[in-house]
Amino acid sequence: MAQPILFHVGYHKTATTWMQRLLFTPEHGYRQIAGHGDVFSHIVQPHGLQFDPDGMRALISDRLSTVAESEVPVISSEILSGHPFQGGHESDVYAERLARIAPDARILISIRSQLRILPSVYMQYLLRGGTMPWEQFFEGTDEPGYFGFTPQHFEYDHLVAQYQSLFGAGNVHVLTQERLQKDMDGAARAVADFAGNGGFAALSAASRRVDAASYPEYGAPVLRRINHVQSSTLNPAPLLNLGTTPKGLYKIAGYVLKRPFLAKLLAGRKPVSDHVRRRFAGRFHDSNLRLARLATHPLDLEGYD
């Protein structure tokens, strides 16, 4: 009989793409049984008055037939943690839906120091065609009925507590990106042990690399302005349309910005990070203390504000 399903719910920008492409693979004892499209169609997209867990249950039941007894079935999709451009609203609802779909599942939540993750979220916002300067983006919106960025989304303890209440504290594991960076093998082993993955021996040589690195922060002013003249998910109807972000001029500029001569010249310029430190220093201190108390396993939050 296969192990319980491992749901990896994000957060965004916490090495999720690396895990999906290079960790959760058959050679490491995992088998992914659903992707972002499946998660969106069956869990995230359905209106609350129409959500039915049976659709995802049926998909899981069908896909489990492809999982060997020695493999752990995995569903990894950071959209389950909520959309960071819109304050992560409904992340609690998605957790409740997962509990209705697979109440015996194990939950992996990956996090990252807030002062490091927020600049990456803004760079992802640009990749999707955003046009707001970082100062405006991080202020969110107070317009009634509309959502924007909110720092509350990155108070990790609330979502961890929600999953612990639904699945049991022992069935929720928190992984920091910082541990992955410091000790990739140890972090991968901890995830395997939590998931009951007896088939995991060691990370393959091919998996020991950075995957899907973002464009550098010093390019943010250029990339943002390009988004004014390209169509995109966040800006579908620009006054002047010279292409589609993240392709076209955006991709060309990103390629140039990553060239060694510019990287060497501008490496010290991190305007988004500088703003985040000024704006949010100390903002997440209490939340991180609560998170440390919630953890049922060693959790190194060194460097967390």
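Questions and answers on selected helices, loops and residues follow.

User: What kind of model is this, and from which number are residues counted along each chain?

Analyst: This is a predicted model, in which local features need pLDDT of at least 70, side-chain atom pairs count only at pLDDT 80 or more, and totals for chains, interfaces and linings use all residues. Side-chain values use heavy atoms, with hydrogens and water left out, and residues are numbered along each chain, as its sequence is written, from 1.

User: Which elements do the buried residues of helix H3 pack against?

Analyst: Helices (H or I, at least four residues) and strands (E, at least two) are DSSP runs numbered from the N terminus. Buried means under 20% relative accessible area, exposed over 50%, and partly exposed in between, with a 1.4 Å probe and protein chains only. In H3 (residues 54-63) the buried residues are Met56, Leu59 and Ile60. By contact, meaning heavy atoms within 4.5 Å, the buried residues of H3 pack against strand E1 (6-8), strand E2 (30-34), helix H2 (36-44), E3 and H4.

User: How do the axes of H4 and H7 run relative to each other?

Analyst: Two packed helices are described by the angle between their axes and the distance between the axes. Axes are lines fitted to C-alpha atoms, for helices over the stretch in contact, and angles run from 0 to 180 degrees between N-to-C directions. The axes of H4 and H7 come within 10 Å and cross at roughly 20°. Angles under 35 degrees count as roughly parallel, over 145 as roughly antiparallel, 65 to 115 as roughly perpendicular and the rest as oblique, and H4 and H7 are therefore roughly parallel.

User: Which residues of H7 meet H4?

Analyst: The H4 side of this meeting is formed by Ser91, Asp92, Tyr94, Ala95, Glu96, Leu98 and Ala99. Their partners in H7 are Leu159, Gln162, Tyr163, Leu166 and Phe167.

User: Is Gln164 buried or exposed?

Analyst: Gln164 lies in helix H7. Not counting residues up to four places away in sequence, Gln164 touches Ala169, Val172, Leu294 and Thr296. With a relative accessibility of 13%, Gln164 counts as buried.

User: Is Gly170 buried or exposed?

Analyst: Gly170 is placed in the loop between H7 and strand E5 (172-176). Its relative accessibility is 59%, so Gly170 counts as exposed.

User: How is H5 oriented relative to H13?

Analyst: Leu115, Leu118, Pro119 and Tyr122 in H5 meet Val272, Ser273, Val276, Arg277 and Phe280 in H13. The axes of H5 and helix H13 (residues 271-280) come within 9 Å and cross at roughly 130°. That makes H5, relative to H13, oblique.

User: What does Gln114 touch, and what is its relative accessibility?

Analyst: Gln114 lies in helix H5. Not counting residues up to four places away in sequence, Gln114 touches Phe154, Tyr156, Phe284, Asn288 and Tyr304. Gln114 counts as buried, because its relative accessibility is 0%.

User: Which elements do the buried residues of H13 pack against?

Analyst: The buried residues of H13 are Pro271, Val272, Ser273, His275, Val276 and Phe280. Just after H13, Gly282 takes a positive phi of about 80°. The buried residues of H13 pack against H5, helix H6 (134-137) and helix H10 (220-226).

User: Why do the buried residues of H14 line one face of the helix, and which elements do they pack against?

Analyst: Helix H14 (residues 285-294) has Ser287, Asn288 and Leu291 as its buried residues. Seen down the axis of H14, they fall within an arc of 95°, so they line one face of the helix. On the other side of H14, Asp286 and Arg293 are exposed. The buried residues pack against strand E4 (106-111), helix H5 (114-127) and helix H7 (156-167).

User: How far apart in space are His83 and Leu108?

Analyst: His83 is found in the loop between strand E3 (72-76) and helix H4 (91-101), and its relative accessibility of 38% makes it count as partly exposed. In sequence, His83 and Leu108 are 25 residues apart. In space, C-alpha to C-alpha, the two are separated by 18 Å.

Conventions
The arc is that of the directions from the helix axis to the C-beta atoms.
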